[in-house]
Amino acid sequence: MREQQILVTRTSMPAMEEYMKEIAPLWDSHWITNMGVKHREFRALLAEYLKLKGPESLDLLVNGHMSLELTLQAMDLQGEVITTPFTFASTTHAIVRNGLEPVFCDIDPVTFTMDCSRLEGLITDRTCAILPVHVFGNICNINEIGRIARKYELKVVYDAAHAFGEEVNGTGVGNFGDASIFSFHATKVFNTIEGGASCFQDPEMGARLYDLKNFGIHGPDEVSAVGANAKMNEFCAAMGICNLRHIDEEIEKRKAVDERYRLRLEGINGLQMKCIQAEVKQNYAYFPVLFDEGEFGASRAEVFAALERRHVFARKYFHPLTNRFSAFHGKYKDDETPVARHVSQRILCLPIYADLDLETVDEICDAVLSCSEQGGLIM
């Protein structure tokens with residue numbers, strides 16, 4: 001029996017010596033926050049990697065959630081925002097915390113992203129924006145969302161927390177919509193320990209976002225707006241600089257893990273794996289599997305328990321749906337999003353990270369397949 005725990009992900013980190021070298025100048029300058037040298041350097045490098053127009057097209061923030069929440073606030077929206085319930089809590093909470101009303105659109109059963117065929121029917125005279133989510137690195141139907149948004153003059157903000165470094169036909173995903181939000185949390189493909197970024201098209205919106213993240217301060221004697229404190233510090237920026245040097249290598253390692261899972265699990269009745277979008281440059285952020293108990297012979301719960309007994313900890317991303325959170329006290333109903341509910345009840349994300357060795361991937365696959373062969377009774 002394996003003793004070491006295998007979690008659904010593990011943080012990628014540079015060599016300690018590399019990070020120490022990167023942060024050493026901070027002991028000389030004593031400038032460890034407030035948009036210092038590392039912050040400015042990382043912002044420029046990140047804009048280049050994401051294929052944005054330039055550093056002026058993004059801002060760095062303390063985390064992905066505040067990037068989203070403050071970006072919505074910077075747009076000065078009122079009314080309803082159409083989004084998806086098949087996402088992390090942050091997406092819905094950012095809407096609600098801005099005094100906006102989330103309206104939930106169902107998802108596509110293949111990509112798990114917003115079902116654009118249902119989108120237009122949800123638009124009312126109170127709709128102000130669309131907040132789609134790129135899920136597990138699957139990219140939304142950006143062309144159709146853009147068409148609908150232009151038709152009804154709606155803002156579009158993409159939650160791109162799962163899509164770092166991805167491209168659609170050579171265009172970086174941060175270039176779509178009015179804004180795109182990235183998370184650099186420790187569990188993501190790319191991390192700055194904690195951190196996030198907002199990419200935007202309108203420089204005026206970028207200026208408002210800066211005010212919101214830095215108290216509206218524009219000099220020692222000038223505070224021209226009411227804002228919060230959501231600045232990325234120099235230590236996180238330095239980690240970003242280090243990890244950006246290795247990100248392509250890390251993604252290649254993840255690709256090898258993804259390919260081994262597919263080699264072992266493709267063609268198995270009752271298993272649906274993440275689709276591959278031919279036009280998308282993948283980052284291999286997650287490896288979700290959908291379990292059809294009737295065909296596979298075991299439920300998600302049985303597979304989850306069997307893996308847990310082997311000290312392998314998969315995750316039920318995303319369950320529950322955000323429109324089922326107890327925090328909303330039954331305000332929303334998941335019967336309005338039946339596909340999302342179906343997926344949420346059957347999905348399991350298997351471990352994937354750069355340092356996950358292929359022998360361990362085979363052990364995980366053996367455990368999953370044994371559930372089907374033995375009705376989930378693995379000891």
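Analyst: Start with a contact between two helices. His65, Leu68, Glu69 and Leu72 of helix 4 meet Ser90, Thr91, His93, Ala94, Ile95 and Arg97 of helix 5. Keep in mind that this model is predicted.

User: What classes of residue make up the contact of helix 4 with helix 5?

Analyst: Four are nonpolar, four polar and two charged.

User: At what angle do the axes of helix 4 and helix 5 cross?

Analyst: Roughly 35 degrees, and the axes come within 9 Å. The crossing of these two helices is right-handed.

User: And how do I read helix 4 against helix 8?

Analyst: Take distance and angle together. The axes of helix 4 and helix 8, residues 203-213, come within 9 Å and cross at roughly 125 degrees. Angles over 145 degrees would count as roughly antiparallel, and 65 to 115 as roughly perpendicular. So helix 4 is oblique to helix 8. Helix 4 passes helix 8 in a right-handed crossing.

User: Which residues of helix 4 and helix 8 make the contact?

Analyst: Helix 4 gives Leu70, Thr71, Gln73 and Ala74. Helix 8 gives Met205, Arg208, Leu209, Leu212 and Lys213. By class, that contact has five nonpolar, two polar and two charged residues.

User: Now the empty space. How is it found?

Analyst: A probe the size of a water molecule is rolled over the atoms, which shows where space is left empty. Here, the largest pocket has a volume of about 600 Å³.

User: Which residues lie nearest the centre of the largest pocket?

Analyst: Phe88, Ser183, Thr187, Lys188 and Tyr286, out of a lining of 32 residues. Helix 4 (64-74), helix 5 (89-97), strand 9 (179-183) and strand 17 (347-350) are the elements that give two or more residues to this lining. The lining divides into 16 nonpolar, twelve polar and four charged residues.

User: How many cavities of 30 Å³ or more does the structure hold?

Analyst: Two. The largest cavity has about 50 Å³ of space. Its lining includes Ser183, Lys188, Val189, Phe190 and Tyr286. By class, the lining of the largest cavity has six nonpolar, three polar and one charged residues.

User: What lines the second largest cavity?

Analyst: Ser12, Val189, Phe190, Asn191, Asn243, Ile247 and Glu250. They divide into three nonpolar, three polar and one charged. The volume of the second largest cavity is about 30 Å³. Val189 and Phe190 line both cavities.

Technical notes: Residues are numbered from 1 along each chain as its sequence is written. This is a predicted model: local features need pLDDT of at least 70, side-chain atom pairs count only at pLDDT 80 or more; totals for chains, interfaces and linings use all residues. Side-chain values use heavy atoms; hydrogens and water are left out. On a 1 Å grid over the protein atoms alone, a cavity is a set of points where a 1.4 Å probe fits but cannot get out, and a pocket is an open set with protein on both sides within 12 Å along at least five of seven lines; lining residues have an atom within 4 Å of a point. Grid points are joined across faces, edges and corners, and a volume is the space filled by probe spheres set on the points. Helices (H or I, at least four residues) and strands (E, at least two) are DSSP runs, numbered from the N terminus. Ala, Val, Leu, Ile, Met, Phe, Trp, Tyr, Cys and Pro count as nonpolar, Asp, Glu, Lys and Arg as charged, and the others, Gly among them, as polar. Axes are lines fitted to C-alpha atoms, for helices over the stretch in contact, and angles run from 0 to 180 degrees between N-to-C directions. Angles under 35 degrees count as roughly parallel, over 145 as roughly antiparallel, 65 to 115 as roughly perpendicular and the rest as oblique. A crossing is left-handed if the near helix is turned anticlockwise from the far one by less than a right angle, and right-handed if clockwise. Contact means heavy atoms within 4.5 Å.
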